[in-house]
Structure formats: structure tokens, C-alpha cells
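Subject: Structure handover

Hello,

Here is the structure I promised to pass on. Please open it first, then read the notes below.

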Amino acid sequence: MTKTTTALTNIGSLVTNDPALGDGPLGLVENAAVVMEGDRVAWVGPTAKVPPADATHDAEGRAVIPGFVDSHSHLVFAGDRTQEFNARMSGRSYSAGGIRTTVAATRAATDAELEANLTHYLAEALRQGTTTFETKSGYGLTVEDEARALRIAARHTDEVTYLGAHIVSPDYADDPAAYVALVTGEMLDACAPHARWIDVFCEKGAFDGDQARTILSAGKARGLHPRVHANQLSYGPGVQLAVELDAASADHCTHLTDADVDALANSGTVATLLPGAEFSTRAEWPDARRLLDAGATVALSTDCNPGSSFTSSVPFCIALAVRDMGMTPDEAIWSATAGGARALRRDDIGRVTPGAYADLALLDAPSHVHLAYRPGVPLVSAVWRRGVRAA
């Protein structure tokens, strides 16, 4: 069957993330057009040369960017932690212990309730321009609950992460070694068929470096590729472990030594920064400028979860990164699109170039810079996901 083509024309400023197509690292094209054929981008160039298409949408001089790639989220959960947030904003510090509250609520929820919650937040993210997302288990911490979380997530994304090692299960509080054995044994057996990735929270109060290495190595042996919650709350071994095991990303990266920065800069491991967490916990901001200047690859994501970063808005995270983490608007938009794709080791998303998936966001603004320039304003006015108008 012939695939339907759609032309998006009269784009004032198009971010392609392909320097071969336009100016600078963002591959900016002015007065541009994009032709989508089926679920892929078929053509990119000036509007004056756009080929005929079955349908046309006039961008009326507004900016178009690649759909956001949110490479770190925790969306299979139940319950609410409003009281915890309220207490934290009143002076209580954040620790990993609050996860147990969500574990209890998630275990008590039905499959239908968990899936309804997941799809609610996915729709919310899509309206704000997110066309690809990764999400994790980690709020069940039993064999059955972790496996069902991954089964539910896998119905909505290919980027599914097994995070049985979020914290030591409350059921094993007195025997962490036995819980590590469960995570690397029976639980891994039940979860591996439903996941692409394995993750571990390598942090005081969660898992130390040796435990994390054992867990990630077991996952690699089962064909799952590592990601690491690294160096969020304190200095620690997480980043070095991520690089050692060729993890796709080390996520958070708030507390870094010079050796950590050098390791990231000289590896294929992406530093995924999650400013929503620092905003919601009043913690120290990650130093994106330090990482970028060293040559590390940086991604930006929401870390959407009910405890430490309850936002699904990538534009909000872009604004935070520019305002408080030393990123330029160009760097932030790249990190939230192409950077997220790198963190998922994908080259078919995060850019607008022939052959890539047709994932686009139309902004009610003349430039992508407005995402940081006008924080809090809902600038995404239309979204195409795999060539289909989705929002």
C-alpha cells in the first residue's frame, strides 16, 4: 500500500539536530518544510522546494523541534506523596526512604489502576511534546509486582527498565544480601523477558557499589543493558561503575569528582541530568556546564515520579537547565531530544532527518529558545508521533 504523505510547511525555524541539514549543532533550517511519509521523515528542506504531498499543514512561521525523548521516568505507580512534599517544603530533607510509601500503594493497586495511571501521565507528557519515553519498575519489589509493572509498561513503550534494585524491599530490611539474591535470581528471571534495560539506585540508603555491580552484571548476562541511578544524593561509586559496565547512561550526576567527569567524557555513557528532582527537593543543582566543557554527552529528562520529581514537563526541565545548570538554550534543546536518544542508544528518534521517525512538536513561538525564555507557558501547540497528529 502507498503510504500517506504529509507536508509541514512555512516553518519559521526548524531544529533538525543534523548539522548536515542546517546551521550549527542543531542543524537549524529557516523557512523550512518537512515531509512525513508513513511513520518516517521523508524530506527536509526549504518550503520553496517542498515536494507535493497528500496533506499540508501550514506552520505559519512558528518553530518546529524533534519530539522530546524522556529517557528517565518512573510511571508505573499508585498513590500520592503530597504530604511528603509538603513536609519537605517545610524543611524536612529528602532521602530514599519515601519510596516505601509508593511501594505500599503500588502493591495494593490493581493492574487496571496502574495502567490507567500510566496512560494518564503519558497523555500529559505527549501534550507537552514528549514522543518517546523510558519508564521503570521499582515500586513493587516483589517478583510478582515487578514483573506486572514491566508487562504493563511494555504495552506502551519499547524502552522498559527493570529496577527491582530501587531500594532494598521492606520485606528484606534485615537481610539485604538475600534481597540482592532475589533481584539477581527469581525476580530477574520473571522480569527479563519484559525489559530492555536494567537499573540500580547506587546510593547510601539503597545499594552500595559491590551490590550494584552484582545486580547489573547479572542483568547483562540475561541480555539487559545497564543504566545507573548515580551520584544523586552524595559522592559515590555509581558513575565509575556505569562507565566500567558500559551503561547507556548515568542518571542524576549531581555530586561528581573530576575523575567522574573525565570518565564520562571519555566513555559512551551519557550523563542524564534530572533537574526536576533538584527543584522538588531543594538540592544542589547538577553542573551541566562542567560536564559539557569536559566533552561529556548530556541528556535532560524529567525523572517523573510521585516522590522527588512529579513533573512530566520536559519544557520545564529545559528552563531549569538553562536558568540554574549553566546550559545554553541550544544545548538544552539538544540534550532533551538528541541527548535523550543517545541515552537510549537510538538514532531513529530525537532528530528530524530523512529516515528517522516522524516525531515533531510545533511550538507557538518563532524559536526553540522560547522554551527557556517563556518558562511555564504551554508552548507546544501540536505534536506528530510517528507521522500521526497526536496532540
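The chain exposes about 14,800 Å², and carbon and sulfur atoms supply 50% of that area. Areas come from the Shrake-Rupley method with a 1.4 Å probe, and for residues only the protein chains shown count as cover.

Some ground rules. This is a predicted model: local features need pLDDT of at least 70, side-chain atom pairs count only at pLDDT 80 or more, and totals for chains, interfaces and linings use all residues. Residues are numbered from 1 along each chain as its sequence is written, and side-chain values use heavy atoms, leaving out hydrogens and water.

Now the overall shape. The C-alpha trace spans about 70 × 45 × 40 Å along its principal axes. Of the 391 residues, 58% count as buried, meaning under 20% relative accessible area with a 1.4 Å probe, protein chains only. Take the contacts (heavy atoms within 4.5 Å) between residues at least 6 apart in sequence: 70% join residues at least 24 apart.

The fold has 15 helices and 18 strands. These are DSSP runs, numbered from the N terminus: helices are H or I with at least four residues, strands are E with at least two.

Last, the cysteines. The disulfide count is 0, where a disulfide is a pair of cysteine sulfur atoms within 2.5 Å. Cys202 is buried at 4% relative accessible area. Cys253 is buried too, at 1%.

Best wishes

Methods
Buried means under 20% relative accessible area, exposed over 50%, partly exposed in between (1.4 Å probe, protein chains only).
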